[in-house]
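I opened my notebook beside the model and wrote down each thing as I looked it up. The entries follow in that order.

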Amino acid sequence: FAAKLEAEGVSVAQWVVLRTLYDKKALNLNEAAEAVGVDKSSLSRMVERLVQKGLVMRQDGINRRTLRLMLTPSGKKLVPQLAKLA
């Protein structure tokens, strides 16, 4: 599974983030870190890579605590395709 994901340009850890966000409309960084089971700094690095790939977007709030994470349309389309690889 990991090799199949890598062929699509996504790591297993990034897949977990994508799958978690797929089930939710939007999560803040704390909620997402708790749902994925990693610390905020690790999640932040993963999210940055996913943002660069155009799969996740950040919606700014009034401060960093209200930052929301959500899938882009490309991310929403990719998750079911990756799920078939499992």
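I began with methionine 57 and listed its contacts (heavy atoms within 4.5 Å), leaving aside the neighbours within four places in sequence, and found Arg68, Leu69, Met70, Leu71 and Thr72. Before going further I noted that this is a predicted model, in which local features need pLDDT of at least 70 and side-chain atom pairs count only at pLDDT 80 or more, while totals for chains, interfaces and linings use all residues. I also noted that residues are numbered from 1 along each chain as its sequence is written, and that side-chain values use heavy atoms, with hydrogens and water left out.

Methionine 57 belongs to strand β2, where strands (E, at least two residues) and helices (H or I, at least four) are DSSP runs numbered from the N terminus. From methionine 57 to glycine 75 I read 9.3 Å, C-alpha to C-alpha, across 18 residues of sequence.

Next I looked up the sheet, which is open and has 3 strands in the order β1-β3-β2 with antiparallel pairing; two strands pair if DSSP finds at least two bridges between them. β1 (27-28) and β2 (56-59) stand at the edges with a single partner strand each, so one side of each has no neighbour in the sheet. Between β1 and β3 (residues 68-71) I found 2 bridges in the antiparallel sense, and leucine 27 stands opposite leucine 69 in β3.

I then turned to serine 42, which sits in helix α4 (residues 40-52) and is buried, with a relative accessible area of 19%. Serine 42 lies 15 Å from valine 56, C-alpha to C-alpha, and the two are 14 residues apart in sequence.

Of its 86 residues, 36% are buried. Among contacts between residues at least 6 apart in sequence, 50% join residues at least 24 apart. The C-alpha trace spans about 40 × 25 × 20 Å along its principal axes.

How values were computed
Buried < 20%, exposed > 50% of the residue type's maximum accessible area, 1.4 Å probe, protein only.
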